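Thanks for coming. I have one structure to go through, and I will keep it short.

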Amino acid sequence: MSSLPRRAGLAVAAVALALGLDMAAPRADAAPETLVRENTRQADAIELALQVRERQQSLSSLNRLADARDRALLGRKAVLAQYGYHGDPDAVVAVLPLASYSVSAGFGLTGPLWEAEHGGQDFGSYVGDQIVAVAAGVVTEVAYSGPYGLRTIVTLPDGTEVWYCHQDDVSVYPGQAVDVADPIGSVGSTGNSTGPHLHLEVRPGGGSPIDPMDWLRATGLTP
Ligand SMILES: [Zn+2]
């Protein structure tokens, strides 16, 4: 009896593990024909998963290219205007995090959704809508963080942390410098969330959160 099917099975299982596929391993005492059949079926599933992943990756890089082209065509002033800033592009300090949104749960609310007071401002939006950096800084964290879901933290030069929570996708990495209005990710509903929205937190000095709307208004924006 050849040991090839068994070895192939192990390789398939390793790839399945890497792809996060949940596949039942063939029973150790299964007949060789059964193993071969199992392996073929699993190889087909993996091939399909690889194709889907490849397609998603090429779509997202196409989206990024299209976005860069749009921005180049629009010009800096028009891009900033999309995010609520209408002044001199050279003097921009802050922008709104989304081009369009509906203001939902505000700062300081209490209720069953939050463990304590609501520490941020919610901006209702659609899954996949682009989130931009409200101010220039350095990305200090990108991680799944319990109730906050997929969260990116950008630390501003004065030490203020800006938290972008419940994201569907992230396009920046820790250590990366981001300029005001740079795309950083997309809206999602990860973590403790009842629908797609951005939960934005502003934490001066990395301490307790303040009302993000007050902070945005103080820069001259009208969120
Ligand atoms: Zn929230």
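Predicted model: local features only at pLDDT ≥ 70, side-chain atom pairs only at ≥ 80, totals over all residues.

Residues 1-17 have a pLDDT below 50, with 15 contacts in the model beyond near neighbours in sequence. Please keep that in mind when you look at contacts made by either stretch.

Now the sheet. It is open, has 3 strands in the order β3-β9-β7, and the pairing is antiparallel. Which strands stand at the edges? They are β3, residues 130-132, and β7, residues 169-170; each has a single partner strand, so one side of each is left without a neighbour in the sheet. As a reminder, strands of a sheet pair through backbone hydrogen bonds.

Between β3 and β9 the antiparallel pairing runs over 3 bridges. On that side, Ile-131 stands opposite Gly-185 in β9.

Is Ser-186 buried or exposed? Its relative accessible area is 9%, and the cut-off for buried is under 20%, so Ser-186 counts as buried.

What is Ser-186 in contact with, leaving aside neighbours within four places in sequence? The list is Gly-128, Asp-129, Ile-131, Gln-167, Asp-168 and Asp-169. Of these, Ile-131 falls within β3, residues 130-132, and Asp-169 within β7, residues 169-170. In the sheet order, β9 sits between those two strands.

That is all I have; questions are welcome.

Key:
Residues numbered from 1 in each chain as written. Heavy atoms only, no water. Buried < 20%, exposed > 50% of the residue type's maximum accessible area, 1.4 Å probe, protein only. Contact = heavy atoms within 4.5 Å. Pairing = 2+ DSSP bridges. Helix = DSSP H or I, 4+ residues; strand = E, 2+ residues; numbered from the N terminus. pLDDT = per-residue confidence, 0-100.
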